[in-house]
Amino acid sequence: INVSRAQVAYARMLPHRRFLLVFTRRNGRIQNLPCNIELRSLASYATRSLAATDKERVRLLARWQNLQNDLFETNRVLSLARKLHVFDGFANFLKSGLRVRDAWREVFAREPITTVLSADENNPYTRMPVLLARSRKLRTVFCDHGALNMSFGIRRPVSDTYLMKGEMARDYSVTWCGLSAEKIEVGGPAQAHTPSPTSNRGGKHAENCSTRDWIVYYSEIYELSDGRTQTFYAELLPELCKLASRVNRKVIVKLHPFESLRVRKKLVDSVLSAHERSLVAIREGPMTPDLFARAWCSLTVESTVAVESTLHGVPCFLCSWFDASWYDYGKQYAKYSAGYPLDSPQRIREIPQLLEQFHVTEATRQGLQTSITAEQLESVLAGR
């Protein structure tokens with residue numbers, strides 16, 4: 001859904017241009033699209049199994065077997081992986097991938113496409129249309145669906161141009177990932193962030209605004225990177241509840257779209273007392289304006305929401321003690337004042353004092369997002 005939203009945000013800027021949004025998952029569907037965007041599922045382009053594709057799959061499986069025979073026996077790591085059945089699903093993966101590839105080929109055959117705008121060239125199913133467009137000499141433009149993207153540092157970039165929302169993303173993409181600066185255009189979609197005029201000073205803004213009664217914690221599916229979620233919740237949530245009780249506020253746990261409400265509720269219940277649990281509400285579903293409008297402050301580990309909070313004038317604190325990633329999102333956020341790192345759960349007790357020092361200025365916002373004009377976006381998509 002975040003990929004679709006990122007693409008639609010740019011498409012809205014050019015109402016005279018026709019866009020076709022092809023979604024690969026059900027949750028990529030967006031309702032109430034502007035009239036210049038047509039929505040279709042990739043599944044609607046799926047064809048019957050083609051004889052040529054079946055022959056191609058047989059050839060590739062034979063090459064895969066030869067590779068295993070030649071390399072896997074002499075490479076200790078690959079040999080162990082095969083013994084542990086790591087590659088047992090490869091045949092099904094290949095069969096499914098070729099069917100998806102054929103569906104994308106059908107999109108290009110049936111639709112008058114001139115440019116591919118993608119917000120995720122890392123996922124294999126959305127990388128395919130970029131590669132297919134390049135082979136057809138069509139223009140390819142990337143626009144990110146998050147604040148930062150470490151995949152540029154580990155996968156070969158394949159788009160012609162990369163739209164970065166601001167200087168923070170451009171700096172990270174060039175210095176950390178090694179992406180060519182010549183391929184980058186700085187300019188995010190025109191969006192209206194309307195923070196309160198007093199929100200440049202977190203503490204004063206929070207104390208003077210009676211509606212800012214939430215401490216919003218943005219959770220993520222830490223299990224994907226072997227993070228011990230229950231341990232983290234046990235460290236974080238009791239401290240947040242103590243703070244909420246002290247400053248007369250409520251803790252909102254906002255779940256990532258990939259998280260299960262049932263599983264997370266069970267975790268929350270297991271680490272909190274009855275009194276602490278009464279201070280906590282769990283939210284799922286899409287981001288809503290009240291998450292920013294009512295937030296006294298926000299917390300996350302390394303989520304893009306640190307940037308969104310800052311753009312809305314909400315001070316964000318980074319739970320750096322739990323950040324075990326090697327791609328330094330948190331450090332880059334802190335470098336551009338999109339989050340204040342906390343090196344232990346006990347530092348949460350200092351948040352009221354830290355808010356007095358936390359400034360969200362217009363210069364900070366400009367470093368995070370610089371809006372592109374419709375004329376500039378038109379030039380990027382056209383390759384001028």
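At the start of helix α3, which spans residues 76-83, a side-chain oxygen of asparagine 75 comes to within 3.1 Å of the backbone nitrogen of valine 77. Helices here are DSSP runs of H or I with at least four residues, numbered from the N terminus. The model is predicted, and local features need pLDDT of at least 70, side-chain atom pairs count only at pLDDT 80 or more, and totals for chains, interfaces and linings use all residues. Residues are numbered from 1 along each chain as its sequence is written, and side-chain values use heavy atoms, with hydrogens and water left out.

After α3 comes histidine 85, with a positive phi near 65°. Valine 86 lies in the loop between α3 and α4 (90-110). Valine 86 is exposed, because its relative accessible area is 53%; exposed means over 50%, buried under 20% and partly exposed in between, with a 1.4 Å probe and protein chains only.

Within helix α4 lies aspartate 102. This residue is buried, since the relative accessible area of aspartate 102 is 5%. Not counting residues up to four places away in sequence, aspartate 102 touches Leu50 and Thr53, where contact means heavy atoms within 4.5 Å. Aspartate 102 and serine 79 are 23 residues apart along the chain, and their C-alpha atoms are separated by 32 Å.

Threonine 310 belongs to helix α12, residues 305-311. Threonine 310 is buried, because its relative accessible area is 0%. Apart from neighbours within four places in sequence, threonine 310 is in contact with Ser337, Ala338, Val360, Thr364, Arg365 and Leu368.

Methods
Polar contact = N/O pair within 3.5 Å; in protein donor to acceptor, adjacent residues only side chain to side chain. Helix = DSSP H or I, 4+ residues; strand = E, 2+ residues; numbered from the N terminus.
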